[in-house]
Amino acid sequence: MTDNNTTQRLQADPNARHASQSRLRQIDRDVSDIIQALAAHGSMLRQRGMNLPPGALDNLQAMRARIAPLLGALAEHNLT
């Protein structure tokens with residue numbers, strides 16, 4: 001979902017690739033932490049007869065699934 005200018009810049013600038021990869025790793029860690037926190041709070045909410053919003057965990061897990069191939073692609077470009 002990147003435009004051509006972004007793709008060209010990432011291909012031409014190893015520092016941009018590294019920075020993008022680092023930022024994506026941080027986002028992935030943050031999303032993972034949020035998933036863990038929501039799961040813990042979900043247990044507490046269920047004890048009180050409430051639930052997390054529908055799809056909250058699924059949407060975050062889907063986000064992690066979309067990040068993984070981006071990280072792989074950036075890592076592959078860093079090797080070449």
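Which helix is L38 found in? I looked it up, and L38 sits in helix α2.

**Ground rules.** I am reading a predicted model, where local features need pLDDT of at least 70, side-chain atom pairs count only at pLDDT 80 or more, and totals for chains, interfaces and linings use all residues. I number residues from 1 along each chain as its sequence is written, and side-chain values use heavy atoms, with hydrogens and water left out.

**Confidence.** I checked pLDDT, the predictor's confidence in each residue, from 0 to 100. The protein averages 84, and 81% of the residues score at least 70. Helix α2 (residues 14–47) has the highest mean, 90, while helix α1 (residues 4–12) has the lowest, 61. I remind myself that where pLDDT is low, the predicted coordinates should not be read in detail.

**Elements.** I found three helices and zero strands, in the order α-α-α from the N terminus on. Helices (H or I, at least four residues) and strands (E, at least two) are DSSP runs, numbered from the N terminus.

**Helix α2.** After α2 comes G49, with a positive phi near 80°.

**Burial.** I use "buried" for under 20% relative accessible area, "exposed" for over 50%, and "partly exposed" for in between (1.4 Å probe, protein chains only). Of the protein's 80 residues, 19% count as buried. In α2 the buried residues include L24, D28, V31 and I35.

**Back to L38.** What is L38 in contact with, leaving aside its neighbours within four places in sequence? I noted L52, L57 and L60, where contact means heavy atoms within 4.5 Å. The C-alpha atoms of L38 and L52 are separated by 7.8 Å, though the two residues are 14 apart along the chain. L38 is partly exposed, at 24% relative accessibility.

**Salt bridge.** I looked for a side-chain nitrogen of Lys or Arg within 4 Å of a carboxyl oxygen of Asp or Glu, which is what a salt bridge is. The structure holds one: R64 pairs with D28, their closest N and O atoms being 2.9 Å apart. R64 lies in helix α3 (residues 56–79) and D28 in helix α2, so the pair ties together parts that are 36 residues apart in sequence. D28 is buried at 15% relative accessible area, whereas R64 is partly exposed at 32%.
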